[in-house]
Amino acid sequence: MGVRTWIGSWPVYRQLTGRDPLGRGAAAKSARSQRLTSRTSTADKAVKSVCPYCAVGCAQNVYVEGGKVTQIEGDPDSPVSRGRLCPKGSASLQLTTGQARKYQVLYRRPHGTDWEPLALDTAMDMIADRVIAARRTGWQWEDDGVRTRRTLGFASLGGATLDNEENYLIKKLFTALGAVQIENQARV
Amino acid sequence: MAECHPVGFQWVMEAKARGAKLVHVDPRFTRTSALADLHVPLRAGSDIAFLGGIVNHVLREEKYFRDYVVAYTNAPMILREDFRDTEDLDGVFSGLDREGRAYDPTSWQYEGVEVQAASGERDQQYERRIAESGRGEAHGSGGAAIGEGEPERDETLTHPRCVFQVLKRHYARYTPQMVERTCGVPQDVFQQVCQLVTENSGRDRTTAFAYAVGWTQHTIGVQYIRTAAVLQLLLGNIGRPGGGILALRGHASIQGSTDIPTLFNLLPGYIPMPHAHQHESLDKFVEAEAAHKGYWGGMRSYLVSLLKAYWGEAATAENDYCFDYLPRLTGSHSTYETVLAQQNGVCRGYFLYGENPAVGSANTKMQRLGMANLDWLVVRDFSLIESATWWKDGPEIETGELRTEDIATEVFFLPAAAHTEKDGSFTNTQRLLQWHHQAVEPAGDARSDLWFTFHLGRIIREKLAASTDEMDRPVLDLAWDYPTKGALAEPDAEAVLAEVSGRDADGRPLSAYTQLKDDGSTSCGCWIYCGVYADGVNQAARRKPGEQQNWVAGEWGWAWPANRRILYNRASADPEGRPWSERKALVWWDADQSRWTGHDIPDFPATTPPDYRPPAEAKAAEALSGTDPFVMQADGKGWLFAPAGLTDGPLPTHYEPQDSPFDNPLYRQQRNPVRQVLPALPDNRYQPSGSAPGSEVFPYVATTYRLTEHHTAGGMTRWQPYLAELQPAMFCEVSPLLAAERSLEHLGWATVVTARNVIEARVLVTDRMVPLIVQGRTLHQVGLPYHWGPNGYTTGDAANELVHLSLDPNTHIQETKALACDIRPGRRPRGPAAVELVREYRRRAGITDQTGTEI
């Protein structure tokens with residue numbers, strides 16, 4: 001490093017000689033922050049998405065680097081949101097990658113006092129057995145002499161945070177199983 | 001709107017910058033009020049009186065858009081002689097069965113014809129419609145059966161039984177003085193609102209109303225929105241740019257989950273779920289539930305195509321396309337009846353998909369007691385929400401009402417995949433489907449709900465494969481062969497979208513619902529979404545930048561139906577097909593090309609000219625005349641008066657909330673007579689109202705709401721450190737006067753009590769809550785955000801602990817927005833003392849299981 005470069009890297013020198021006399025911008029920038037780049041510029045790809053909170057439907061760009069989501073920003077192309085996100089939408093990186101998310105199936109046995117881990121396959125198998133049993137227990141071919149062909153043995157609640165395709169499968173499967181107590185937040 | 005839909009609110013600010021006036025009507029002062037030209041605080045639960053007052057002003061001052069009203073609404077229709085209004089019967093309509101707590105709506109129909117509703121309770125006329133159609137066949141009659149033909153009209157709007165005159169009489173007493181007495185809105189402020197709304201409506205100008213659950217969550221909620229519909233139709237503000245009644249919905253896909261419903265009373269595309277009737281068949285169902293005229297005349301095609309999407313090859317003409325495979329309803333099976341079914345042991349298992357009823361549903365204690373009586377519970381969410389952990393740390397464990405070791409419920413917690421980890425579409429609040437693409441695979445055991453539901457179905461079908469039980473046929477015959485991809489065997493979401501959008505007999509994608517057939521040659525999972533996969537292209541994934549499009553931006557995403565952005569936009573042109581004004585042009589009739597054209601896609605048969613008059617035998621869309629813009633309606637008109645579809649009256653009428661400190665100032669009838677009153681179980685007691693003794697124990701009105709930084713029951717925000725820091729504690733908003741009256745200290749604690757439960761909250765003393773003068777006395781209102789619960793980074797009591805289970809009879813939605821309560825200083829008692837405090841309040845107010853249940 002030459003003397004000139006060395007002096008030029010000194011903030012006070014830059015402040016006195018450059019265009020930042022108050023030392024609030026370029027003059028104060030350290031070598032480290034000079035080298036910093038935004039996660040959006042180094043991302044492997046930006047995936048087009050939609051904010052998962054309210055129903056305005058703000059468009060998001062989801063930035064992925066090394067197989068991980070590293071940043072989520074508003075998509076300026078959207079005629080709905082023009083690139084803006086509200087505090088919730090801006091926090092959706094924390095929603096999707098934060099510490100609070102669980103990645104393990106948990107099981108609480110009848111009368112149990114705590115959670116136990118459970119394998120996903122086992123859980124799916126156990127749930128399927130329980131659906132079949134509850135469906136049969138609550139089955140009604142008729143009610144008051146009129147054909148109903150249904151079960152009141154199990155119910156489901158949820159859907160307003162899900163995708164249309166997910167709701168479609170839930171309604172299709174549970175209706176075929178004879179369930180009628182299928183509900184979501186739109187009622188609440 | 002600025003508070004809960006901030007990014008959508010940018011367009012309101014754009015309009016304001018161009019000179020639009022913004023009025024905010026809300027009991028509290030919010031970020032929206034701060035930016036409005038006028039903030040109008042009103043008593044929670046009094047909006048029908050307020051809007052009805054504007055309707056009265058419009059009629060009395062003759063401010064309505066006469067040409068629009070005569071041509072496009074049912075104002076000229078003549079009603080039956082036996083119809084009686086609330087003005088005649090002191091607050092109830094003709095047809096009330098007091099024993100059965102229900103209306104027979106027959107007398108609300110037009111003279112001489114019977115119309116079916118486009119939505120709502122379409123089953124209420126089932127038996128009569130079937131009987132009528134059967135009689136018609138038996139007589140081989142030449143005359144029109146009931147339900148056909150055109151209603152009698154008086155275009156001078158002077159016939160004493162025409163809708164217009166009935167409307168005038170109905171609202172005649174909704175005067176500025178009455179609005180002031182009922183809503184607590186001073187007459188000069190109310191007059192200012194009337195002036196702003198009427199000055200900004202007509203040929204050259206339009207006014208929009210935006211609302212959210214502040215209107216829906218009442219025992220008379222549907223009628224709140226109906227009042228706005230009456231007003232907007234009178235002013236000519238429907239189907240036109242800058243007009244409308246805009247529902248600001250609160251979840252990414254809450255519109256989608258109504259269109260493709262996970263709701264008990266609907267099939268995809270608002271086809272009603274069948275109710276149980278003797279000898280029901282596909283034909284009888286369609287005869288009873290579908291309109292003869294307009295696009296609901298195609299219900300058979302939509303339903304047969306749906307049954308083909310559900311049951312594929314198994315659905316044939318011989319077996320009624322598996323119509324009998326559909327389970328039948330008997331009354332309401334809403335989420336609140338389900339809670340009762342859990343408590344009484346009928347419902348044994350429960351799935352929760354991204355929903356947190358232990359915080360977010362009304363009467364959260366009832367929700368938890370229901371779950372504590374289940375055999376099993378499956379919770380699919382990101383984090384350990386309250387609905388997953390109530391058995392070890394819920395409020396009833398603290399009070400000693402439940403003991404963990406005694407609870408037999410088996411609980412499965414399955415981590416869910418985030419929107420970044422799956423493909424799929426959300427339908428936003430303007431009916432716009434937008435596709436989100438998968439960015440990464442979900443980690444660990446996290447899976448999409450698509451994965452969970454598909455594989456659950458696959459496993460159940462494998463387990464039942466050998467069954468010969470008739471009960472299992474529907475699930476074994478189900479078309480359930482979706483392609484999967486990747487290491488996790490994730491179902492292909494686009495394949496599901498393609499099924500929803502529809503195919504012809506050769507499997508080619510359909511492009512419009514007009515192609516659907518009732519002979520089994522087409523399949524379509526949701527008729528209003530038909531065409532979202534037109535040409536084999538995912539139309540919801542279209543992202544042509546807004547800047548490269550006109551203001552309608554029709555190439556961003558895909559809006560149902562048929563990518564139309566403004567519904568009923570035929571009404572933007574006059575009866576001759578010309579825009580009402582150049583300034584408000586949207587679609588118009590192009591005589592040279594003999595078709596409708598314009599900035600938006602016309603919401604009308606494209607080649608039906610304005611002067612088309614259908615022949616008498618025409619059905620469905622062909623029966624719409626060239627001046628029938630409301631293409632889903634059985635008469636093609638906007639309904640000022642609803643002759644069918646509503647359970648609680650053809651005209652919106654002010655009733656007091658279930659629990660109210662006031663008597664109804666307009667009628668002797670206090671509450672909506674047919675509101676749904678769920679049993680007054682010990683944890684669901686109702687309160688005395690108005691001048692009834694004990695009412696003074698709950699002198700204030702609480703209303704719940706959201707904050708910008710949190711989302712509904714908090715499952716997606718209370719676990720996020722940034723958001724938890726921005727809104728770190730449950731609080732209640734009170735005025736300085738109420739704070740003085742009840743010795744509440746700013747930043748201190750307050751306890752809020754109803755007949756159901758008790759909660760505590762930090763006190764925010766603020767001028768944002770304005771005391772109102774209602775019926776000559778001061779009313780204080782208490783604002784309660786409802787995001788909190790005991791889990792997460794930021795914790796607090798849930799406002800929904802306070803809410804009862806008296807519901808709107810049309811939608812079965814709870815009354816969260818207007819609750820009489822008491823407030824006192826300090827924290828709530830802990831342990832059994834909390835339960836004792838609520839019991840003491842009930843004793844003081846003389847509450848029994850009969851209180852508040854009277855009709």
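Q: Hi! Which strands make up the open sheet of 7 strands, and in what order?
A: The order is 5(A)-4(A)-11(B)-10(B)-9(B)-8(A)-9(A), with mixed pairing. Strands here are DSSP runs (E, at least two residues), numbered from the N terminus, and two strands pair if DSSP finds at least two bridges between them.

Q: Which are the edge strands?
A: Strand 5 (116–117) and strand 9 (182–183) of chain A, each of which pairs on one side only.

Q: Before we go on, what kind of model is this?
A: This is a predicted model, where local features need pLDDT of at least 70 and side-chain atom pairs count only at pLDDT 80 or more, while totals for chains, interfaces and linings use all residues. Residues are numbered from 1 along each chain as its sequence is written, chains are lettered from A and ligands numbered from 1 in the order in which they are written, and side-chain values use heavy atoms, leaving out hydrogens and water.

Q: Thanks! In what sense do strand 8 of chain A and strand 9 of chain B pair?
A: Strand 8 (residues 154–157) of chain A and strand 9 (residues 349–353) of chain B are parallel, with 4 bridges. In that strand of chain B, B:Tyr350 is opposite A:Ala155.

Q: And strand 4 of chain A with strand 11 of chain B, parallel or antiparallel?
A: Antiparallel, over 3 bridges, between residues 106–108 of chain A and residues 410–415 of chain B. A:Arg108 faces B:Val411 there.

Q: How many residues does each chain bring to the contact?
A: Chain A brings 115 residues and chain B 164 residues, with contact meaning heavy atoms within 4.5 Å.

Q: What area is buried between chain A and chain B?
A: About 12,400 Å², and carbon and sulfur atoms give 63% of that. Buried area is the accessible area (1.4 Å probe) that two parts lose on being put together, summed over both.

Q: How many salt bridges cross the interface?
A: The rule finds 14 between chain A and chain B, counting a side-chain nitrogen of Lys or Arg within 4 Å of a carboxyl oxygen of Asp or Glu. A salt bridge joins A:Arg136 and B:Asp469, at 3.2 Å from N to O.

Q: Which helix gives the most to chain A's side?
A: Helix 7 (residues 120–137) of chain A, with 14 residues on the side that touches chain B; helices are DSSP runs (H or I, at least four residues).
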